[in-house]
Amino acid sequence: MKSDSQQSEIKSSIREWWNDPSKDYDGFVGHGVNSEIEKELWGNEISQLLGHKQDLRVLDIGTGTGFLALLLARMGYGVTAVDWSMTMMQKAKEKAEAAQMPIRFEVQDAEKLTFPDMRPLMQL
Ligand SMILES: C[S@@+](CC[C@H](N)C(=O)[O-])C[C@H]1O[C@@H](n2cnc3c(N)ncnc32)[C@H](O)[C@@H]1O
């Protein structure tokens, strides 16, 4: 069993790993939505899961470079995206700005989310 300080050290190094700006996460094989057919398949899955309630607000925890947040926003859902890595989130923000998608981004630790009321948010 690890002590609290050991766990916190491990957590810090994981966060550092995600903050490494040399990573090209969007270039990873199999990551993201790279074709129209993938977009359609994701869209179908999301519609089945969430229905067509476009007034629904969705919280994307660990959004990374935001592929799911962007997909959801394009489908008309209200999206809040959180990640603890500024590096990853900066890329997501740039993509959202370029696509003019009104996504709310917040740097937060998924284990200590500070939203006052989580109930209206569907977590994916
Ligand atoms: C494998 S990536 C997935 C990114 C995105 N959801 C996707 O599918 O492309 C994991 C992401 O979760 C974030 N993450 C990991 N642990 C986290 C935590 N405790 N709080 C917030 N974000 C976290 C990382 O910074 C990273 O951006």
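This is a predicted model: local features need pLDDT of at least 70, side-chain atom pairs count only at pLDDT 80 or more; totals for chains, interfaces and linings use all residues.
I started with helix 4 and looked for its buried residues: Met-88, Met-89, Ala-92 and Ala-96. Buried here requires 20 or more other C-beta atoms within 10 Å of a residue's own, exposed means 12 or fewer, partly exposed is in between, and the C-beta atoms are placed from the backbone. Helices (H or I, at least four residues) and strands (E, at least two) are DSSP runs, numbered from the N terminus.

Next I looked down the axis of helix 4. Its buried residues fall within an arc of 90 degrees, so they line one face of the helix. That arc is taken from the directions from the helix axis to the C-beta atoms.

Residues are numbered from 1 along each chain as its sequence is written.

I then checked the face of helix 4 turned away from the buried side, and found the exposed residues Glu-94, Glu-97 and Ala-98 there. What do the buried residues of helix 4 pack against? I found helix 1 (4-19), helix 3, strand 2 and strand 3 (104-107). Contact means that two C-beta atoms, placed from the backbone, lie within 7 Å. Just after helix 4, I noted that Gln-100 takes a positive phi of about 55 degrees.

On to the largest nonpolar core, which has 17 residues. Such a core is a set of buried Ala, Val, Leu, Ile, Met, Phe, Trp, Tyr and Cys residues joined through C-beta atoms within 7 Å. Among the members that touch the most others are Ala-69, Leu-72 and Ala-92. Strand 1 (57-61), helix 3 (67-74), strand 2 (78-83) and helix 4 (86-98) each supply at least two of the core's residues. Helix 3 gives the most, with six.

Leaving out residues up to four places away in sequence, Ala-69 touches Asp-60, Thr-63, Val-79, Ala-81, Ala-92 and Ile-103.

Last, I zoomed out to the chain. I counted four helices and four strands, in the order α-α-β-α-β-α-β-β along the sequence. Buried residues make up 20% of the 124 residues. The C-alpha atoms fill a box of roughly 45 × 35 × 25 Å, taken along the principal axes.
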